[in-house]
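Please read the following briefing alongside the sequence and the three-dimensional model.

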Amino acid sequence: MRLTILGGGGFRVPLVYGALLTDRVEGRVTEVVLHDVDAGRLSAVTRVLAEQAAEVTDAPAVRATTDLDEALRGADFVFSAIRVGGLAGRAEDERVALAEGVLGQETVGAGGIAYGLRTVPVAVDIARRAARLAPDAWVINFTNPAGLVTEAMSRHLGDRVIGICDSPVGLGRRIARVLGVPPGDAWIDYVGLNHLGWVRGLRHAGRDLLPRLLGDPELLGSFEEGRLFGPEWLRSLGAIPNEYLHYYYFNREAVEAYQRAEKTRGAFLRDQQAAFYEGLNDPAAPALAAWNRTRAEREATYMAENREAAGAGEREEDDLSGGYEKVALALMRAIARDERATLILNVRNQGVLSVLDADAVIEVPCLVDANGAHPVAVDPLPGHATGLVCAVKAVEREVLTAAESGSRAAAVKAFALHPLVDSVNVAHRLVEGYTRVHPGLAYLG
Ligand code: G6P
Ligand code: MN
């Protein structure tokens, strides 16, 4: 079986390859094709993978190419993990937004809109090519903003594109752990959009254990989201939000912490990764060791500004291991081998949230088998959450319109309608600022 990874020179590719190396079962991936627009990054990552495979028998063969069509042809699965504009672009997304006093995070608020505006046209081009050159392939979208990008691709690939994120899985795992339940045995009642969802219940042996957690401040203080949001607010909500909701519920503090930071997240990663790739220009440099070091530092500083704003302290050891490669592998296995699995994924709504239309991509538990991902019916969201979900989906739709038509007015509207952008004038200036720094936005007339 052949897996093609777009963004194959990306820093997190070794995580995926590491997961593939643990898969010994019949029907596993035997061939990996890496595609990237940057040949230098491809060769750096290829070296890391070679070191990972050194001790492993029958490791999947790896091939790298800068030809997109060649990479797509013959693929059974395509992982799309691209970053249009690179990490330098991410840092610009943050800088322009913060100069206007609004959030520049890569998936939430103004930064997410800017990133979406330049990513959607590229993702749509990939989707069109995949539909033509690999019509039977399953496309798994990792590219952020993942919900929006998956929806853009689904207009060309239908249900053959599935978006993934590790944050709901991580949240479910943490809640199960503090409640003393093996995560695999629990039903996590979660729904929303990507980076905008809520856990409303955790069922085990026929009982909802979430009320026990919400009623116990000590338990609530013992895991990441509990510390981030505080026991009192979680009790008021009656749910545990995805960590990215911190940018909404504590927006002022998050923006201030970002403004105070010596470097924004994007700028930190831009410099950190530049050093990593540059280091591998030396052919004698041990690639895997450098990658491991860089990765540990990246994980430890994840959402550091939010944790600082909340006084939440350091990340826990268990939370440092990421996990999105595990979600991707579990999804691929379930489809390829028809092994039923339940995973929280980004798929078309199909009536699950009645306030959204059938084609709106949402994040929801799905049953997965050889026929794809089938969203499970869930209880409706309460009014306040429905309001946020609808507002942000309307913003995403404006981004899709702007990307499709090149309409600058639609781009302004996307920013202006976002709950975290507080003036239409700010929206105008954001479009000005972003089009000035991003060549990828030249299409906005
Ligand atoms: C989480 C999010 C991803 C994001 C990743 C890395 O896993 O769900 O969407 O890409 O963190 O964030 P970072 O700030 O390290 O790029
Ligand atoms: Mn994510």
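**Briefing on the predicted model**

Residues are numbered from 1 along each chain as its sequence is written, chains are lettered from A and ligands numbered from 1 in the order in which they are written, and side-chain values use heavy atoms, with hydrogens and water left out.

**Helix packing**

- Helix α19 (residues 408-417) packs against helix α20 (residues 424-437) at an angle of about 125°, and their axes are 8 Å apart; helices here are DSSP runs of H or I with at least four residues, strands are runs of E with at least two, and both are numbered from the N terminus.
- The axes are lines fitted to C-alpha atoms, for helices over the stretch in contact, and the angles run from 0 to 180 degrees between N-to-C directions.

- Strand β2 (residues 31-35) is mostly covered, with 4 of its 5 residues buried, where buried means under 20% relative accessible area, exposed means over 50% and partly exposed lies in between, using a 1.4 Å probe and protein chains only.
- Strand β1 (residues 2-6) pairs with β2 in the parallel sense over 5 bridges, and Thr4 stands opposite Val33 in β2; two strands pair if DSSP finds at least two bridges between them.
- β2 also runs parallel to strand β3 (residues 61-65), to which 5 bridges join it, and Leu34 stands opposite Ala64 in β3.
- A right-handed β-α-β unit is made by β1, helix α1 (residues 13-21) and β2, and another right-handed unit of this kind by β2, helix α2 (residues 39-53) and β3; right-handed means that, with the strands pointing away from the viewer, the path from the first strand over the helix to the second runs clockwise.

**Manganese site**

- Cys165 (SG) and His195 (NE2) coordinate the manganese ion (ligand 2) at 2.2 to 2.4 Å; donors are N, O and S atoms within 2.8 Å of the metal (3.2 Å for Na, K and Ca), and water is not among the atoms, so sites may look incomplete.
- Cys165 lies in the loop between β6 (161-163) and α7 (167-178), and His195 in the loop between β7 (187-193) and β8 (196-204), so the pair ties together parts that are 30 residues apart in sequence.
- Cys165 and His195 are both buried, and the relative accessibility of His195 is 5%.

**Backbone details**

- Most residues other than glycine have a negative phi, and most peptide bonds are trans.
- His195, although not a glycine, has a positive phi of about 60°.
- Gln350 likewise has a positive phi, near 50°; Gln350 is found in the loop between β11 (341-348) and β12 (361-369) and is partly exposed, with a relative accessible area of 45%.
- The peptide bond from Asn144 to Pro145 is cis, with omega near -15°, and Pro145 is found in the loop between β5 (138-141) and α6 (146-157).

- β12 is largely enclosed by the rest of the structure, because 8 of its 9 residues are buried.
- β11 and β12 pair in the antiparallel sense over 8 bridges, and Arg348 stands opposite Val361 in β12.
- β12 also pairs in the antiparallel sense with strand β13 (residues 372-375), over 4 bridges, and a hairpin joins β12 to β13 through 2 residues.

Conventions
This is a predicted model: local features need pLDDT of at least 70, side-chain atom pairs count only at pLDDT 80 or more; totals for chains, interfaces and linings use all residues.
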